[in-house]
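Please examine the sequence and the structure shown below before reading the report.

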Amino acid sequence: MHNLSRLALRNLLRNRVRTLITLAAIMFGVCGLILSGGFVRDIFVQLGEALIHSQSGHVQIGQEAVFTHGSRTPEQYLIEEHAALRKQVGALPQVKDVMGRIAFSGLLNNGRTDYPILAEGVEPGRENALGTHLHLVAGRTLRDDDRFGAMIGEGVASALRLAPGDQATLLVSTIDGAMNTLDIEVVGVFQTFSKDFDARAVRIALPDAQDLLATTGVSRLVLALHDTASTQTVVDTLRPLLAAQGLSVRDWMALNDFYGKTVELYRQQFGFLKGMVLLMVCLSVINTVNMSLVERSWEFGTMRALGNSTRTVASLIIGESAALGFVGATGGTLLGVGLAMLISGVGIPMPPPPNADLGYDAFIRIVPSVVAESWLIGLSATVVAALYPAWRLSRLSIIGALRTRE
């Protein structure tokens, strides 16, 4: 076996140009998989963090109706006694902070026209700590000591021609169905990852929203976690506890359903790319092995005439391909990891994604599972590509193989 391995390695060096071309195909294929896989993973991470830290938080707690049929009128489904629940949830080690929100719909008037909005009463200090991906277009963020202040989405500001310092009036229906108004002052204009959200979003302080709606409750409790990876653990812990209280819990992926669709789309595209790389490597290796067989048929015929079995000859061919695949996959892995580190040190300026106005810097994440899978694809594709030529050679007679020398 040792001699067979040495012979396989020596045979690869007989036609170095052809071997180098095949190695280049394998290396660039593996490198491409690592870079594209790391790029796609970065999109998943950055999109998820943008949604978490500009809109939804990691986990939300509320009545089931708030997340389903009552999502259009969340002010009708409130958590009235939320202080004890907030303390209970905040005691979990994974939870960084718990904040209350009350969502409601209404009209915003700038003195000339009414504009339908989706507003939230928030706790400004806590929300500012969570909203690290909230981009401030003009003015400043809402503060805890603001009275009758408001932040509005860029779409709202554009539609009503409002700027920081301008006055406006909120017109809403209270919990009991009465009409109520609140005069507000715009303190800031913000932009999130979602253009649709910015087109309707208004944020005021939670006490102002509760006074406006004549309630002391909140529609949701929003959890900020120390680590996004612990989201599922927190959800699994809270679900049985909250079910007894008639409450439901949702993680950030369930709250942003388009995220799952985006992930699935990119996974399908990456799967197609892996298939194309596999095909490219297979064709390259098949071409190399077939040309080698044509040139070396007499050599294999001589081996057979000297008593070597077809299995030994086939093993030699597969061994050569395996060595080629190992070197190419390893070289491609090193090249891919090196390029990923280099590119990530600079960043890739990206245009705004669909339905967004904010661009971002993309990076190539080094994902161990993607690196290992890419290396394995490079090696296995090379070996698989050699199986058919090896089988075809085993069907060739000794005399037929020796005649190719003539």
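The model is predicted: local features need pLDDT of at least 70, side-chain atom pairs count only at pLDDT 80 or more, and totals for chains, interfaces and linings use all residues. Residues are numbered from 1 along each chain as its sequence is written, and side-chain values use heavy atoms, with hydrogens and water left out.

**Helix α8.** Helices (H or I, at least four residues) and strands (E, at least two) are DSSP runs, numbered from the N terminus. Helix α8 spans residues 206-213 and is mostly covered, with six of its eight residues buried. Buried means under 20% relative accessible area, found with a 1.4 Å probe on protein chains only. The buried residues are L206, D208, A209, Q210, L212 and L213. They pack (heavy atoms within 4.5 Å) against the strands in the table.

| Strand | Residues |
|---|---|
| β2 | 95-109 |
| β3 | 114-122 |
| β5 | 149-153 |
| β6 | 167-173 |
| β7 | 179-191 |
| β8 | 201-205 |

After α8 comes A214, whose phi is positive, near 60°.

A cavity is a set of points on a 1 Å grid over the protein atoms alone where a 1.4 Å probe fits but cannot get out; lining residues have an atom within 4 Å of a point. A search of the whole structure finds two cavities of 30 Å³ or more.

Conventions
Buried < 20%, exposed > 50% of the residue type's maximum accessible area, 1.4 Å probe, protein only. 1 Å grid on protein atoms, 1.4 Å probe; cavity = no way out; pocket = protein on both sides within 12 Å on 5 of 7 lines; lining within 4 Å. Points joined across faces, edges and corners; volume = space filled by probe spheres on them.
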